[in-house]
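Please find below a short note on the structure shown here. It is written for a reader who is new to describing protein models.

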Amino acid sequence: MPSHYLPLWLKLAFTLWVLVWAPAYAWKLGWQNFLWLCDLASFLILIALWTENRLLISAQLLAVFVVGVFWAVDVGSALITGIHPIGGTEYMFDAAMPLGFRLLSLFHLVLPLVAVYAVFKLGYDRRGLWLQIALTWLVLPLSLALTDPERNINWVQGPFGQSQTPLDPIVYLLGLMIGWPLALYLPTHLLVIGLQRLRAAKR
């Protein structure tokens, strides 16, 4: 794959973003926060951009697309109506947290755009679904084992940022490991494949 498929300005801009965002998050939130799959995606997208790795960027598109849409809907709804229909973005309206730091979380909107553009330029690798599932199945148990329960990293303590008690934690984790790919990755995977077929049919 020629090294000029992705523009240098994009690689440099995204690198600058990570150099600003990662230290700020590490200082304010600590290392546990980087186990969030969307946070981890920032580093993996950075690698994918510089290496122009089609498999890796395809996997990260699955990781961030639906999450980015849900995040935007929840924040947008809260801005307009004051209601969080999904949950998990309440921190964006926490006046106790510096505004500049809260604005860093807008990367949830940027990552899908970067990933979509990179996949458009490099092409979509269908094996990305299996790579992202494998990564998720690694990160979710680590999130349960290594992070503080009150932080609910990757919602391993309960859905939509809330804790759950009806299910045994391991049973809930196994359900999450099945549900996360089905709810978040598979729809994007099928959408991209459908768009590819539509594009090919028009040629």
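The numbered points below go from the overall fold to one helix, the core and the aromatic rings.

1. Overall fold. The model discussed here is predicted. Its secondary structure consists of seven helices and zero strands. Along the sequence, the order of elements therefore reads α-α-α-α-α-α-α, with helices defined as DSSP runs.

2. Overall dimensions. The radius of gyration is 17 Å, close to the 17 Å that the globule rule gives for 203 residues, so the protein is as compact as a globular protein of that length. Taken along the principal axes, the C-alpha atoms fill a box of roughly 50 × 35 × 35 Å.

3. Burial and contacts. Of the 203 residues in the protein, 44% are buried. Among the contacts with a separation of 6 or more, 69% are accounted for by residues 24 or more positions apart.

4. The length of helix α6. This helix covers residues 128-146, which is 19 residues. At 1.5 Å a residue it should span 27 Å, and its end C-alpha atoms are 26 Å apart, which agrees.

5. Which residues of α6 are buried? They are G128, L129, Q132, I133, L135, T136, V139, L140 and S143. Seen down the axis of α6, these buried residues fall within an arc of 165°, so they line one face of the helix. An α-helix has 3.6 residues a turn, so residues three or four places apart point the same way. On the face of α6 turned away from its buried side are the exposed residues W130 and A145.

6. The nonpolar core. The largest nonpolar core has 51 residues, and those with the most contacts inside it are F14, I45, L49, I57 and Y185. The elements that give two or more residues to this core are α1 (8-29), α2, α3, α5 (107-122), α6 and α7. The most is given by α7, with nine residues.

7. What does I45 touch, leaving aside its neighbours within four places in sequence? It is in contact with F14, I57, Q60, L111, V114 and A115.

8. Aromatic pairs. The count comes to 10 aromatic pairs. In one of them, W17 and F107 are tilted, at 6.0 Å centre to centre and with 35° between the planes. W17 lies in helix α1 and F107 in helix α5, so this pair ties together parts that are 90 residues apart in sequence.

9. F107 is buried, with a relative accessible area of 2%. F107 also forms an edge-to-face pair with Y25, at 6.2 Å centre to centre and with 80° between the planes. This pair links distant parts of the chain, since Y25 is in helix α1 and F107 in helix α5, 82 residues apart. Y25 counts as buried too, at 5% relative accessibility.

10. The ring cluster. Ring pairs link W17, W21, Y25, F34, F43, F101 and F107 into a cluster. Both pairs described above, W17 with F107 and Y25 with F107, involve rings of this cluster.

Definitions and conventions. Residues numbered from 1 in each chain as written. Predicted model: local features only at pLDDT ≥ 70, side-chain atom pairs only at ≥ 80, totals over all residues. Heavy atoms only, no water. Helix = DSSP H or I, 4+ residues; strand = E, 2+ residues; numbered from the N terminus. Expected span 1.5 Å × (residues − 1). Buried < 20%, exposed > 50% of the residue type's maximum accessible area, 1.4 Å probe, protein only. Arc of directions from axis to C-beta. Core = buried A, V, L, I, M, F, W, Y, C linked by side-chain atoms within 4.5 Å. Contact = heavy atoms within 4.5 Å. Phe/Tyr/Trp six-rings, centres within 6.5 Å; stacked < 30°, edge-to-face > 60°. Rg over C-alpha atoms; globule rule 2.2 N^0.38 Å.
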